[in-house]
Amino acid sequence: MNIYFFGDSISFGQYISVDHTWVTKIAMSLHKEFVGENITAINASVNGNTTRMALERMPYDIQSNQVDILVIGFGMNDCNYWKTDNGVPRVSPMAFEANIKEIICRAFQFHIKKVILRTNHPSPRQDIMTNTNITYSQSNEYYNSIIRKIAEEDNSIVFADMERVCIDYCKNQNCSINEIVMPDNIHLSSTGHEVYYNTMYPIIKKCVKEISKE
């Protein structure tokens with residue numbers, strides 16, 4: 001069984017030792033729990049990727065391989081506004097929604113059995129982005145709402161709402177969002193990776209069990 005993680009630096013694990021990333025921890029846990037089963041976990045995530053860039057590499061990284069479970073995670077680059085883009089996001093909300101839907105459509109077209117889609121964690125970045133009147137935090141929240149809308153409208157996918165999970169975690173632990181991110185206010189800290197692991201592993205494990213019964 002092949003599990004592919006298809007995302008950006010949040011799935012890749014930028015600035016964190018590879019053995020502490022949530023994707024690696026999931027792979028290790030799967031191998032321990034499903035002893036004797038042939039499970040391969042591949043991290044096909046690339047730092048800095050938007051959904052537009054992901055679609056360009058999907059034919060090689062995903063479609064050319066035998067994938068059983070696809071874990072999709074994009075948005076924190078799409079929602080960003082670069083100074084050189086003069087007040088428009090790297091990927092517009094309309095294009096972002098279309099791109100996510102196309103990734104999902106292509107996944108099922110290539111007979112992927114389970115597609116898992118997730119939102120991203122909140123960001124505490126409150127600076128107004130260049131040539132805009134919104135903060136990165138607000139933009140990220142809006143793109144998360146697009147992901148949530150896609151999940152609500154498509155019951156063929158498995159959905160993980162990491163934004164709400166992280167908000168609930170911080171409330172329960174009486175801590176701020178800063179605890180789950182690095183000083184750049186975007187990338188996951190070791191604590192953040194642990195929160196992702198604790199949420200995503202049971203979801204992926206359930207998918208593995210369901211496919212094994214087929």
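Good morning. Leaving aside residues up to four places away in sequence, Trp22 touches Phe5, Ile10, Ser11, Val71, Arg118, Leu188, His193, Tyr196, Tyr197 and Met200. Please bear in mind that the model before you is predicted.

Let me turn to the fold as a whole. The protein contains seven helices and five strands. Read from the N terminus, their order is β-α-α-β-α-β-α-β-α-β-α-α. Among contacts with a separation of 6 or more, 76% join residues 24 or more positions apart.

What are the overall dimensions? The C-alpha trace spans about 55 × 40 × 30 Å along its principal axes. The radius of gyration is 17 Å, and this agrees with a compact globule, because a globule of 214 residues would have a value near 17 Å.

Next, the division between interior and surface. Of the 214 residues, 53% are buried. The accessible surface comes to about 10100 Å², and carbon and sulfur atoms account for 50% of that area.

Finally, I come to charge. The protein carries 20 positive and 24 negative side chains. How far apart do the centres of the two sets lie? The separation is 2 Å.

Terms used. Residues numbered from 1 in each chain as written. Predicted model: local features only at pLDDT ≥ 70, side-chain atom pairs only at ≥ 80, totals over all residues. Heavy atoms only, no water. Contact = heavy atoms within 4.5 Å. Helix = DSSP H or I, 4+ residues; strand = E, 2+ residues; numbered from the N terminus. Rg over C-alpha atoms; globule rule 2.2 N^0.38 Å. Buried < 20%, exposed > 50% of the residue type's maximum accessible area, 1.4 Å probe, protein only. Areas by Shrake-Rupley, 256 points an atom, 1.4 Å probe, with all protein chains shown as cover. Lys, Arg positive; Asp, Glu negative; His and termini not counted. Charge placed at Lys NZ, Arg CZ, Asp CG, Glu CD.
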